[in-house]
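Work through the exercises below with the structure in view. Each task is followed by a solution in steps.

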Amino acid sequence: KPWWKRRHTCGRMVALGTAPPSSRWRRPFDEGDQETLVRIVKEAQARKFAGTCGDFGEFLRKSGHANGTRTDPRRYSWKVLKSFLETLVEEKAVVCINRHQNYADIRGKFTTESSEDPTRRSYPPGVVWELVRRTEAHPCFQNKYKFPAYAKGWKRDWKNPEKLPKRPKLVAMDCEMCETEKSNKALLSVSLVDERGTLLYHTLVKPKAKIIDYRSELTGVTEEEMKDVKVSRAEASRHVRSFLKEGAVLVGHSLNHDLQALRIDYRPVIDTSLIFQYEGLSMALPSLEVLSSRLLHRQLRTDKKHNSTDDAKATIELVLLELERDGQATLPLKAPEIKVEKEELKKLLVHSLPTGFDLQLLHHLFRSNPGPAPMRFEKCRQNSAFAIFKSAEDANLAFKNLLGMLGSDYCGRPQKQNVVVQGANNGGRWGKLEVAVRKMAAHNGMMYGQDIKNAKRKRKSSNRFNGSLDSSPQS
């Protein structure tokens with residue numbers, strides 16, 4: 001009798017006449033599926049799947065295939081692994097097997113396509129590497145892509161461009177994040193698409209820590225959808241890296257956040273937030289919605305919810321559009337005309353404060369300032385707080401009278417650095433304390449302004465600390 005009609009020595013029994021589990025698989029396994037079979041058995045071990053002959057270790061002993069006490073599936077042939085999977089009759093095990101087969105089929109199709117495929121978009125060879133160089137040349141790149149790849153759980157994979165083709169494959173990625181008890185940027189979903197916009201991989205991810213905010217209004221993911229999700233961050237990371245194994249160029253928008261969530265340090269990359277810029281703002285990073293609207297003439301996120309697949313497709317379209325320009329960079333875009341709310345104009349942001357600071361510390365900042373004093377202070381982040389004034393005019397005057405090095409932030413909003421907090425020594429805890437103070441808006445209350453070059457340091461204090469350079473009121 002075939003095995004699925006027999007009783008087994010482990011005391012388990014499959015109902016007579018029931019079709020074997022393999023009949024519910026997407027397709028039969030063969031010798032080319034060794035890697036896929038290993039991945040499935042490893043997941044079966046991690047999720048403690050047991051078949052009619054027990055778990056994988058019991059199966060090896062009862063079938064006579066045991067190699068000592070070793071249960072590493074990489075040490076066994078594809079036929080042994082396939083025989084074990086045939087004993088898994090539970091529905092969740094069959095679903096797991098089909099998921100891995102589907103993933104393997106998509107990946108196999110992706111990696112076997114010829115780089116000379118005539119259906120690929122036409123652009124000159126070598127232009128891809130020009131976009132990679134433009135990404136790495138951006139002043140924000142080194143800071144944003146400096147990952148702790150030495151830490152536990154991280155994987156570093158830097159490809160040598162000299163060993164990759166002039167027209168490498170492009171893979172676009174986008175992730176969605178949620179807030180857990182341990183992180184406010186925990187991985188929630190990941191999507192990969194190729195340069196045709198075909199979905200290569202998409203999955204929801206279950207964080208280890210308890211989720212306290214799904215951010216459903218942005219991610220579109222609800223608690224109900226996450227009930228049966230078993231995919232871990234490590235598993236999602238492994239699948240993503242398998243698509244990059246052949247040396248593809250990874251594309252994304254603010255891709256550093258996605259790589260940080262997956263704990264992958266990968267090169268080469270093309271970051272669409274770094275290859276496009278606003279006019280007169282060298283450090284401002286255009287949003288994906290603005291780029292999609294201005295360059296692709298398509299509205300993204302019309303319901304204000306992010307969709308990782310749609311976002312990934314938008315980034316690959318932006319890159320292909322730039323590639324077809326034959327190396328000629330798109331001219332800087334005009335910054336969006338966004339008005340800051342009037343109530344926000346009454347505030348000054350004080351940042352670069354010491355960790356664990358007390359709001360009482362901020363009183364020292366304005367005590368020696370001849371300008372108006374704030375009505376109150378509010379913490380907004382770990383190292384920053386708002387100074388709230390009676391009116392926008394008072395906030396402007398207080399900022400003007402502060403002694404510091406005048407410059408601007410990445411949006412072109414005026415700010416002063418090296419502002420010394422007088423009398424804030426706090427018994428030697430911080431020593432000489434310097435902070436930064438900026439306005440909430442640029443000229444005429446607009447969100448975006450123009451770069452202001454930092455004043456050069458000179459010996460004379462009148463040149464080094466200029467409190468009268470500000471000629472751009474925020475209201």
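**Exercise 1. Find how helix 2 and helix 3 cross, and at what angle.**

Solution. This is a predicted model.
- Step 1: Locate helix 2 at residues 56-63. Its axis and that of helix 3 come within 10 Å.
- Step 2: Read the angle. The two axes cross at roughly 110°.
- Step 3: Classify it. Angles of 65 to 115 degrees count as roughly perpendicular, so helix 2 is roughly perpendicular to helix 3.
- Step 4: Helix 2 passes helix 3 in a right-handed crossing.
- Step 5: List the residues that meet. Helix 2 brings Phe56, Phe59 and Leu60; helix 3 brings Val80, Leu81, Ser83 and Phe84.
- Step 6: Sort them by class. The contact has 6 nonpolar residues, 1 polar residue and no charged ones.

**Exercise 2. Describe the packing of helix 1 against helix 3.**

Solution. 
- Step 1: Find helix 3 at residues 78-85 and helix 1 at residues 34-46.
- Step 2: Take the geometry. Their axes lie 10 Å apart, at an angle of about 45°.
- Step 3: Classify it. Helix 1 and helix 3 are therefore oblique to each other.
- Step 4: Name the residues. Helix 1 supplies Gln34, Leu37, Val38, Ile40, Val41 and Ala44. Helix 3 supplies Trp78, Leu81, Lys82, Phe84 and Leu85.
- Step 5: Sort them. The contact of helix 1 with helix 3 holds 9 nonpolar residues, 1 polar and 1 charged.

**Exercise 3. Which residue forms a salt bridge with Arg99?**

Solution. 
- Step 1: Search the whole structure. It has 23 salt bridges.
- Step 2: Pick out Arg99. Its partner is Glu43, and their closest N and O atoms are 2.6 Å apart.
- Step 3: Arg99 sits in helix 4 (residues 91-112) and Glu43 in helix 1, so the pair ties together parts 56 residues apart in sequence.

**Exercise 4. Work out how helix 5 packs against helix 12.**

Solution. 
- Step 1: Locate helix 5 at residues 127-137 and helix 12 at residues 308-323.
- Step 2: Take the geometry. The angle is about 115°, and the axes are 10 Å apart.
- Step 3: Classify it. That angle makes helix 5 roughly perpendicular to helix 12. The crossing is right-handed.
- Step 4: Name the residues. Val127, Val128, Leu131 and Arg134 of helix 5 meet Val319, Glu322 and Leu323 of helix 12.
- Step 5: Sort them. The contact of helix 5 with helix 12 has 5 nonpolar residues, 2 charged and no polar ones.

**Exercise 5. Find backbone exceptions in the loops.**

Solution. 
- Step 1: Recall the rule. Most residues other than glycine have a negative phi, and most peptide bonds are trans.
- Step 2: Look at Arg267 and Pro268. A cis peptide bond joins them, with omega about 10°. Pro268 lies in the loop between strand 7 (264-267) and strand 8 (269-271).
- Step 3: Check Arg215. Its phi is positive, about 50°. Arg215 lies in the loop between strand 5 (211-213) and helix 7 (216-219).
- Step 4: Check Asn444. Its phi is also positive, near 60°. Asn444 is in the loop between strand 14 (434-439) and helix 15 (461-464).

**Exercise 6. Where is the pLDDT below 50?**

Solution. 
- Step 1: Start with the chain. Its mean pLDDT is 82, and 83% of its residues reach 70 or more.
- Step 2: Find one such stretch. Residues 1-17 are below 50, with 29 contacts beyond near neighbours in sequence.
- Step 3: Find another. Residues 455-473 are also below 50, and that stretch has 34 such contacts.

Key: Residues numbered from 1 in each chain as written. Predicted model: local features only at pLDDT ≥ 70, side-chain atom pairs only at ≥ 80, totals over all residues. Heavy atoms only, no water. pLDDT = per-residue confidence, 0-100. Contact = heavy atoms within 4.5 Å. Axes fitted to C-alpha atoms, helices over the stretch in contact; angles between N-to-C directions. Helix = DSSP H or I, 4+ residues; strand = E, 2+ residues; numbered from the N terminus. Parallel < 35°, antiparallel > 145°, perpendicular 65-115°, else oblique. Left-handed = near helix turned anticlockwise from the far one by under 90°. Nonpolar A, V, L, I, M, F, W, Y, C, P; charged D, E, K, R; others polar. Salt bridge = Lys/Arg side-chain N within 4 Å of Asp/Glu carboxyl O.
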